Amino acid sequence: MVILTTQMRRLFATGRSEMRISMKNEKMIKGRYSWEDLRQIIHVLRAPDGCPWDRAQSYESMVKCVADEAAEVVCAVENGDIVNLEEELGDLLLQVFMYSEIAQDRGDFTLEDVVDLSLIHISEPTRRVVI
């Protein structure tokens with residue numbers, strides 16, 4: 001389950017979103033979520049009528065967020081806390097989607113560009129992976 005942030009709860013509660021999401025105990029209710037669900041939520045939050053905090057974010061303003069989330073992943077691994085690791089990896093993934101949305105808004109690159117470069121990197125000859 002994806003836990004909604006305070007900003008997301010406010011956004012969905014106002015009905016400003018095209019997305020109609022049922023909530024129970026502050027969780028989005030759906031059997032399984034997709035990459036596109038996450039992408040759409042980030043897009044809605046950064047839309048002109050979305051969340052002011054999310055709209056105001058930039059590469060620079062997100063540095064502490066991404067550093068904190070990466071540190072929490074490391075901490076979960078070092079503590080052998082698999083349940084927390086799953087959550088923290090989700091938080092870190094959220095940062096990747098947020099940065100990619102900011103980049104797309106600026107015309108710098110897209111999430112697809114990030115994925116392409118990741119696959120190119122992993123398929124370099126020294127990696128011995130063929131895609």
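**Close-up views of a predicted model**

**View 1. E112 counts as partly exposed, with 39% relative accessibility.** The model shown here is predicted. E112 pairs with R39 in a salt bridge. Their closest N and O atoms are 2.6 Å apart. R39 lies in helix α2 and E112 in helix α6, so this pair ties together parts that are 73 residues apart in sequence. R39 is buried, at 18% relative accessible area, because the cut-off for buried is under 20%. The bridge is part of a set: the whole structure holds four salt bridges.

**View 2. D105 and R46 form a salt bridge.** Here the closest N and O atoms are 2.9 Å apart. D105 sits in helix α5 and R46 in helix α2, so the pair ties together parts that are 59 residues apart in sequence. What are the relative accessibility and class of D105? D105 is at 45% and counts as partly exposed. R46 is buried, with a relative accessible area of 13%.

**View 3. K64 and D68 form a salt bridge.** The closest N and O atoms of this pair are 2.8 Å apart. Both residues belong to helix α4, four residues apart, which means about one helical turn separates them. K64 is exposed, with a relative accessible area of 56%. D68 is partly exposed, at 32%.

**View 4. A76 is a buried residue of helix α4.** Helix α4 spans residues 63-78. The relative accessible area of A76 is 1%. E87 is eleven residues away along the chain. The C-alpha atoms of A76 and E87 are separated by 9.4 Å.

**View 5. Seven residues line the largest cavity: R39, I42, F97, S100, E101, Q104 and L111.** The count comes to one cavity of 30 Å³ or more. The volume of the largest cavity is about 50 Å³. Which helices each supply at least two lining residues? They are α2 (35-46) and α5 (82-106). Helix α5 gives the largest share, four residues.

**View 6. V115, L119 and I122 form a nonpolar surface patch.** Together they have about 230 Å² of accessible area. I122 is found in helix α6, residues 111-122. Is I122 buried or partly exposed? I122 is partly exposed, with a relative accessible area of 37%.

Notes. Residues numbered from 1 in each chain as written. Predicted model: local features only at pLDDT ≥ 70, side-chain atom pairs only at ≥ 80, totals over all residues. Heavy atoms only, no water. Patch = residues over 30% accessible without salt bridge, like charges linked within 9 Å, V, L, I, M, F, W, Y side chains within 5 Å. Areas by Shrake-Rupley, 256 points an atom, 1.4 Å probe, with all protein chains shown as cover. Salt bridge = Lys/Arg side-chain N within 4 Å of Asp/Glu carboxyl O. Buried < 20%, exposed > 50% of the residue type's maximum accessible area, 1.4 Å probe, protein only. 1 Å grid on protein atoms, 1.4 Å probe; cavity = no way out; pocket = protein on both sides within 12 Å on 5 of 7 lines; lining within 4 Å. Points joined across faces, edges and corners; volume = space filled by probe spheres on them.
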